[in-house]
Each structure stands twice: as structure tokens, then as C-alpha cells.
Amino acid sequence: LSRTEVTFAEWDACVNAGGCSHRPEDRGWGRGNQPVINVSWNDAQEYVRWLSKRTGQTYRLPSEAEWEYAARAGTTGRFHTGDCITSAQANFNGNYPPEGCPTGEYRERTVPVGSFAPNAFGLYDMHGNVWEWVQDCWNDSYAGAPANGSAWIAGDCARAVLRGGSWSSDGWFLRFAYRHWNTRGNRVNSPGLRLARSL
């Protein structure tokens, strides 16, 4: 998995090269090293196809199982920081922290990728900043999910899974186990993406 979420600079390179048809709006928060927002799951597929063709490597969205394995990084708490996470450790709505954790700052916007300490695998912002699209179709439970960690391409495939929480999320939504969804074509200001590369 990529160490950070895809940035506006990376996405704009795809647009400028003609690989991505959608130039997302940044809400005035800046582009550059800010995580890209206002991109749909469908847009993300354009990006990974372009990057794969440009580099000769196979880029894709991670599966939901890959995402959670990487996010946990060998830990067993609710977060890679343990059973609590604060807004000094991730970008979320600190007015509403996870149960039993202290309140903190609510920045009301994204922050540059890599602004907080990484998890034990060296991955940044696995909690908060932007929700991250994964490859899987939405299913209400894991009953019948692939046992090998691959993406689950069955179920409600008009919707795709999002993981990790965002800048606007209450702390509860940042937990490893929390699953969210949106329709594949929807563009809003809290989802972005992180890449996986097949070896």
C-alpha cells in the first residue's frame, strides 16, 4: 500500500496527462500535498488505470481485507494508537472523540498527508483525514467473503466500501472495524483513496 493517501498534486498530474477526466474541486483548502477529495470510486478506477499504464506496474485499490490488515499493522486495539485516538494523532472531529477518549481539536478540513505519526507499517493517515475507497462491493456482513484477502466483487456493486474515517468524522468512525459505503459515482468532500500495487 502507498504510505500516504493520493494527493491533489498526484491527481492533477493524471488530469494534465489526459488520464483522468475529472478535475476535483478543493474547497479552497489547497491542492499540492493535500489529500485529493471530491473523487468517486469510478474516478479512482481511471486514476489506477492511468498510473498502471504510465509506470508499467499494476496499481489498484486495495481490498477491504488488505486495507484492514495494513491499518492494524499488527495491533489489537481499536486504533493503531491503542484503544484511544486523539486529534493530536489523527485528523477528525475532536469534539466527538471515541468513547472514553479526551476531546480535542476539530480542524473542519483536510490537512497535508503525513501530518501525523505513521502506524507500525509506516503508513500515514489510516485513521481520519479522508475516507479511503477500497475495491470491494458493499455487503452488510462478512458472511461469504473471500477467505484469501481478495476484493469481494459480489453483492451490492452499485455501492463501494469506504474505510478509515475522515476530517469530518466523529472518533467512533475511525475504528479499524467500522465499515462505510457510498455509491460508486458519488463525489463528496470526505472520500479520497490510497493505492495498492500488485507484486
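**Figure 1. Three disulfides in a predicted model.** By the rule used here, the count comes to three disulfides, and the structure you are looking at is a predicted model. Counting the bonded cysteines along the protein chain, the disulfides follow the pattern 1-2, 3-4, 5-6. The next three views visit these links one at a time.

**Figure 2. Close-up of the link between Cys14 and Cys20.** Here a disulfide joins Cys14 to Cys20, with an S to S distance of 2.0 Å. The link is right-handed, with 90 degrees about the S-S bond. Are its two ends buried or exposed? Cys14 counts as buried because its relative accessibility is 0%, and Cys20 is buried as well, with a relative accessible area of 5%.

**Figure 3. Close-up of the link between Cys84 and Cys101.** In this view a disulfide joins Cys84 to Cys101, S to S 2.1 Å. With -105 degrees about the S-S bond, this link is left-handed. Both Cys84 and Cys101 lie in the loop between helix H3 (64-72) and E2, so the pair ties together parts that are 17 residues apart in sequence. Cys84 is partly exposed at a relative accessible area of 27%, whereas Cys101 is buried at 10%.

**Figure 4. Close-up of the link between Cys137 and Cys157.** A disulfide joins Cys137 to Cys157 (S to S 2.0 Å). Cys137 belongs to strand E2 and Cys157 to strand E3, so the pair ties together parts that are 20 residues apart in sequence. The torsion about the S-S bond is about 95 degrees, which means that the disulfide is right-handed. Cys137 counts as buried, at 1% relative accessibility, while Cys157 counts as partly exposed, at 28%.

**Figure 5. Strand E2 and its partners.** How many of the eight residues of strand E2 (residues 131-138) are buried? Eight of the eight are, so E2 is largely enclosed by the rest of the structure. E2 pairs with strand E3 (residues 156-163) in the antiparallel sense over four bridges, and in E3 the bridge partner of Glu132 is Arg163. With strand E5 (residues 191-193), E2 pairs in the parallel sense over three bridges; Trp131 stands opposite Pro191 in E5.

**Figure 6. A look into the cavity.** The structure holds one cavity of 30 Å³ or more. About 50 Å³ of space lies in the largest cavity. Which residues line the largest cavity? Among them are His80, Ile85, Gln89, Phe116, Leu123, Tyr124, Asp125 and His127. By class, the lining has seven nonpolar, three polar and one charged residues.

Definitions and conventions:
Residues are numbered from 1 along each chain as its sequence is written. This is a predicted model: local features need pLDDT of at least 70, side-chain atom pairs count only at pLDDT 80 or more; totals for chains, interfaces and linings use all residues. Side-chain values use heavy atoms; hydrogens and water are left out. Buried means under 20% relative accessible area, exposed over 50%, partly exposed in between (1.4 Å probe, protein chains only). Helices (H or I, at least four residues) and strands (E, at least two) are DSSP runs, numbered from the N terminus. Two strands pair if DSSP finds at least two bridges between them. On a 1 Å grid over the protein atoms alone, a cavity is a set of points where a 1.4 Å probe fits but cannot get out, and a pocket is an open set with protein on both sides within 12 Å along at least five of seven lines; lining residues have an atom within 4 Å of a point. Grid points are joined across faces, edges and corners, and a volume is the space filled by probe spheres set on the points. Ala, Val, Leu, Ile, Met, Phe, Trp, Tyr, Cys and Pro count as nonpolar, Asp, Glu, Lys and Arg as charged, and the others, Gly among them, as polar. A disulfide is a pair of cysteine sulfur atoms within 2.5 Å.
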